[in-house]
Amino acid sequence: MLIEINVKGASRVYFGGENKKSKEVPMSATIHCPYCNTGQTVGDFDNYAPFYVNCEECSRRYIAEPVRHGVVVYRDGEAPCCSDPDCRATEMGGSGQE
């Protein structure tokens with residue numbers, strides 16, 4: 001069971017059902033495009049890094065960010081820097097510290 005909640009332009013999808021504690025199992029979720037509301041299954045993400053999704057229906061790009069209990073969806077250009085894959089790579093990679 002999935003429950004979707006819209007918060008300030010972002011959509012969060014919560015996973016329902018059993019709480020399975022397994023190691024290194026890729027996650028997947030059904031999310032909805034923030035532009036046309038078409039459902040799409042995204043999967044095989046095994047960390048919490050945000051990633052871009054191309055809508056199969058309207059062909060627009062948006063951002064999906066896995067969180068503890070689901071996935072937050074942002075329109076492209078409306079996500080905070082830490083949730084935007086391009087901005088995040090620039091901020092984290094440009095520090096010059098090793």
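1. A disulfide here is a pair of cysteine sulfur atoms within 2.5 Å. The model is predicted. By this rule the count comes to one disulfide.

2. That disulfide links C81 and C87, with an S to S distance of 1.9 Å. The torsion about the S-S bond of C81 and C87 is about -90°, so the bridge is left-handed. C81 has 30% relative accessibility, so it counts as partly exposed. C87 is partly exposed too, with a relative accessible area of 25%.

3. C55 is in no disulfide. The nearest cysteine sulfur to that of C55 belongs to C36, 3.6 Å away. C55 is buried, because its relative accessible area is 4% and buried means under 20%.

4. C58 is partly exposed, with a relative accessible area of 27%.

5. Now to Q40. Q40 sits in strand β4, which covers residues 39-45. Is Q40 buried or exposed? Its relative accessibility is 10%, so Q40 counts as buried.

6. Q40 has a polar contact to note. Its side chain reaches the backbone oxygen of N54 at 3.4 Å. Leaving out residues up to four places away in sequence, Q40 touches A29, T30, I31, V53, N54, C55, E56 and Y62. So C55, the buried cysteine of point 3, is among the residues that Q40 touches.

Note on methods
Residues numbered from 1 in each chain as written. Predicted model: local features only at pLDDT ≥ 70, side-chain atom pairs only at ≥ 80, totals over all residues. Heavy atoms only, no water. Helix = DSSP H or I, 4+ residues; strand = E, 2+ residues; numbered from the N terminus. Buried < 20%, exposed > 50% of the residue type's maximum accessible area, 1.4 Å probe, protein only. Polar contact = N/O pair within 3.5 Å; in protein donor to acceptor, adjacent residues only side chain to side chain. Contact = heavy atoms within 4.5 Å.
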